[in-house]
Amino acid sequence: MEPTTLPDRTAWEGRPVLVTGGASLIGSHLTAALVDLGADVTVVDDLSSGSRENIKHLLKAGRISFYEADLRDARETRRAMEGVDTLFHLAAIHGGRGYVDLHQTACAENLYLDGLVFRTARDTKVRQVVFASSGCVYPLYRQRDPSSDLLLTEDLVGPPYEADGMYGNAKLMGELTLRSLHEEHGMDTASCRYFTVYGPRGIENHAVIAMMARALVRQDPFVIWGDGTQVRNWTHVSDIVNGTIMAAERIHDGTAVNLGTQERIQVVEAARLICDLAGHDPTFVFRTDMPVGPVNRIASFERASHLLGWRPQVSFAEGVRDTFAWYRNHRDPQRLAGVLDRLLTERGVHSVAPVDAAPAARPRSEELEAVMPTAERSPAAAALR
Ligand SMILES: NC(=O)c1ccc[n+]([C@@H]2O[C@H](COP(=O)([O-])OP(=O)(O)OC[C@H]3O[C@@H](n4cnc5c(N)ncnc54)[C@H](O)[C@@H]3O)[C@@H](O)[C@H]2O)c1
């Protein structure tokens, strides 16, 4: 693997940075990396799918400021942005395939959320905005041939647009808004198109973690959504974080850049790999009636390599090993089995109680605690967190 360029520590020391959605999988790792670089980081998150648990170590050590707020509230958004130099905007109403396909109206809320965040950033004179965009901005008609070797290059996003559902359309509008803000208002902006991210702190409504959950509860027959031949380029969160910070350092004109590997992995191959790690040898059943997404989605990282010096450093085989080690340490299989169906398609669900008996307003951090065995708080688990 070719080495990647790493962030410039001197660029971040003492810089006031806001990470929206910083309690999420990607947000929490990005926050930790920015803290390590010496930035002065504030996280704002409504904890609707993120978790306080993900940033607990940073909070305990007093290394970040955190406040819980819904960024669709204009007063909260304004309060969060006062004095900010660089904004990483990751907050989004988002989940895996089961969520984004089945909740179009909720995903459309992102149009409002992003619009308000970007307008407030302009009004409060935030110098720089880096946006968590997605491979879902690419036209679906480019991704229908499972035998194609096409690598999605950034220029393929253009008329006739055919983004992936309301979630993809909202990300696309976010990108275009940021480009306009640069052209008309001189704002320093960048969009990073993330491709199917996984890693420690991932959740079950995303495919890789869903497969780990099925393997951990020893599901047999083991359910795979679709016919298993869908091709993805799962990308490890550490590579995503590095690329996002590099984009902040090197892109200033609203350009969008892919952050995704060029490894072509079929869903069924990923399932086999994960079952092998779990020592589980099930029969696979293929549910073609479930949400599947595009059959062939792989990024080109040529632009990222050219503009950022970025290259992914973690192969899928290596990343899955590391993530499964974390996962098995952080979930109690018996408790997981009781809520697995909900975990696969909903967001912000961590309760182990049966749906009917679930308390209405249980704090989310408490819900998450409930699926975690006490053993997970071992030093080894803490090191992976
Ligand atoms: N995980 C992936 O494969 C992937 C791929 C492409 C893009 N992305 C984008 O990356 C970002 C992070 O995604 P993720 O998968 O790490 O986790 P995620 O989807 O859970 O992250 C979203 C975060 O935003 C918070 N949030 C949602 N609505 C909010 C609101 N109104 N106010 C304040 N906070 C709010 C959530 O609690 C959560 O912490 C998202 O923007 C997502 O769209 C993720």
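Predicted model: local features only at pLDDT ≥ 70, side-chain atom pairs only at ≥ 80, totals over all residues.
**Entry 1: around the ligand**

I looked up the ligand's surroundings and got 27 residues. The closest are Gly21, Ser24, Ile26, Gly50 and Ala92. Next I checked which elements give two or more residues to this shell, and found α1 (25-36) and β5 (128-134). Helix α1 has the largest share, with three residues. What kinds of residue make up the shell? I got 13 nonpolar, 10 polar and four charged ones.

**Entry 2: the whole chain**

I stepped back and looked at the chain, which has 14 helices and 13 strands. I then looked up the box that the C-alpha atoms fill along the principal axes, and it is roughly 55 × 50 × 40 Å. Buried residues account for 49% of the 385. For contacts between residues at least 6 apart in sequence, I found that 80% join residues at least 24 apart.

**Entry 3: the sheet**

I traced an open sheet of seven strands, in the order β3-β2-β1-β4-β5-β6-β11, and the pairing is parallel. Which strands sit at the edges? They are β3 (65-68) and β11 (253-259), each pairing on one side only. On average, neighbouring strands here are turned by 15 degrees against each other, ignoring direction. A reminder to myself: strands of a sheet pair through backbone hydrogen bonds.

I zoomed in on β2 (residues 40-45), which runs parallel to β3 and is joined to it by four bridges. Val43 has Phe66 in β3 as its bridge partner.

Most peptide bonds are trans, and most residues other than glycine have a negative phi. I went looking for exceptions.

Pro159 and Pro160 are joined by a cis peptide bond, with omega about -5 degrees. Pro160 is in the loop between β5 and α6 (165-185). I found another cis bond from Asp220 to Pro221, where omega is near 5 degrees. Pro221 is in the loop between α7 (207-216) and β8 (222-225).

That loop also holds Arg218, a non-glycine with a positive phi of about 55 degrees. Arg218 has 15 other C-beta atoms within 10 Å, so I put it down as partly exposed.

Lys125 isn't a glycine either, yet its phi is positive, about 60 degrees. I located Lys125 in the loop between α5 (104-123) and β5. Is Lys125 buried or exposed? It counts as exposed, because it has 12 C-beta neighbours inside 10 Å, and the cut-off for exposed is 12 or fewer.

Notes: Residues numbered from 1 in each chain as written. Pairing = 2+ DSSP bridges. Axes fitted to C-alpha atoms, helices over the stretch in contact; angles between N-to-C directions. Near = placed C-beta within 6 Å. Nonpolar A, V, L, I, M, F, W, Y, C, P; charged D, E, K, R; others polar. Buried ≥ 20, exposed ≤ 12 C-beta atoms within 10 Å, placed from the backbone. Contact = placed C-beta atoms within 7 Å.
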